[in-house]
Amino acid sequence: ALKGDRERCLEAGMDDYISKPIDEDDLDSILKKWLAEGEMINMQPAKESGNTDEELPLIDMDILQGLRTTTKERFPNIVLMLFEEGDRLLESLCKGFESGNLDDVETNAHSFKSACGQVGAVNLSKLLETIEQTATAKDKAHLPEMVEKAKYVWLETKNALRKVTRT
């Protein structure tokens, strides 16, 4: 994190701040500070399985339910914000791809991947991770099919999220 990031974030209205890479003890301390007793969610990392994105569900309901539990009445707005931000990030990713700017592809894939992971959109998150790594490696040969697939999987993911969240 850059010097002064914490202060700027708190001045902008955030309740707290944690920088990457995230230290588990710091995260645990912040969660205990802000979550009511009994509101903690399972923070164990997902087990590595070697699954391909085709084998992953569109939505990991455990992750989604954990988000719903911790965010309570803010949950529908968070999902709606993901829809808007996801559309924007995917559009920027596509524009970067079309213009040959692999740095833009990498940056937007990374941001979109993180947002998807937060709501349990594990299939899309994994695909975006692959796009990010491919763009980082400057491998243009495989990007066209991945970007097209990301468009399709995003639509499927949004539909699935709408069904399970009723947003």
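Arg 88 counts as partly exposed at 40% relative accessibility, where buried means under 20% relative accessible area, exposed means over 50% and partly exposed lies in between, computed with a 1.4 Å probe on protein chains only. Its partner Glu 85 is also partly exposed, at 32% relative accessibility, and the two residues form a salt bridge in which the closest N and O atoms are 2.6 Å apart. The term salt bridge stands here for a side-chain nitrogen of Lys or Arg within 4 Å of a carboxyl oxygen of Asp or Glu. Arg 88 and Glu 85 are 3 residues apart in helix 4 (residues 75–99), so about one helical turn separates them. Helices (H or I, at least four residues) and strands (E, at least two) are DSSP runs, numbered from the N terminus.

A further salt bridge joins the side chains of Asp 103 and Lys 138, with an N to O distance of 3.1 Å. Because Asp 103 lies in helix 5 (residues 102–119) while Lys 138 lies in the loop between helix 6 (122–136) and helix 7 (143–165), this pair ties together parts that are 35 residues apart in sequence. Asp 103 is partly exposed, with a relative accessible area of 44%, and Lys 138 is partly exposed at 46%. Over the whole structure, the search finds 9 salt bridges. Side chains of opposite charge can pair when their charged atoms come close.

## Basis of the model

This is a predicted model, in which local features need pLDDT of at least 70 and side-chain atom pairs count only at pLDDT 80 or more, whereas totals for chains, interfaces and linings use all residues. Residues are numbered from 1 along each chain as its sequence is written, and side-chain values use heavy atoms, with hydrogens and water left out.

The pLDDT, which is the predictor's confidence in each residue on a scale from 0 to 100, has a mean of 84 for the protein, and 87% of the residues reach 70 or more. Among the elements, confidence is lowest in helix 2, at a mean of 75, and highest in helix 6, at 96. Over residues 37–53 the pLDDT is below 50, although this stretch has 16 contacts in the model beyond near neighbours in sequence. Where pLDDT is low, the predicted coordinates should not be read in detail.

## Asp 16 and its surroundings

Asp 16 is found in the loop between helix 1 and helix 2 and is buried, with a relative accessible area of 12%. Asp 16 forms a salt bridge with Arg 6, with the closest N and O atoms 3.4 Å apart. This pair links distant parts of the chain, since Arg 6 belongs to helix 1 (5–11) and the two residues are 10 residues apart. Arg 6 is partly exposed, with a relative accessible area of 36%.

Contact here means heavy atoms within 4.5 Å. Leaving aside neighbours within four places in sequence, Asp 16 is in contact with Arg 6, Leu 10, Ile 30, Lys 33 and Trp 34.

## Helices and the nonpolar core

The protein has 7 helices and 0 strands, and of its 167 residues 32% count as buried. Among contacts with a separation of 6 or more, 60% come from residues 24 or more positions apart.

The largest nonpolar core holds 31 residues, of which Phe 112, Leu 124 and Ile 131 touch the most other members; such a core is a set of buried Ala, Val, Leu, Ile, Met, Phe, Trp, Tyr and Cys residues joined through side-chain atoms within 4.5 Å. Two or more residues of this core come from each of helix 3 (61–71), helix 4, helix 5, helix 6 and helix 7. Not counting residues up to four places away in sequence, Leu 124 touches Phe 112, Cys 116, Ala 150, Val 153, Trp 154 and Thr 157.

## Buried cysteines and a buried lysine

Cys 116 is buried at 0% relative accessibility, and Cys 94 is buried with a relative accessible area of 9%. With a disulfide taken as a pair of cysteine sulfur atoms within 2.5 Å, the count comes to 0 disulfides.

Lys 158, in helix 7, counts as buried at 9% relative accessibility. Not counting residues up to four places away in sequence, Lys 158 touches Phe 83 and Asp 87. Lys 158 and Leu 82 are 76 residues apart in sequence, yet their C-alpha atoms are 9.2 Å apart in space.
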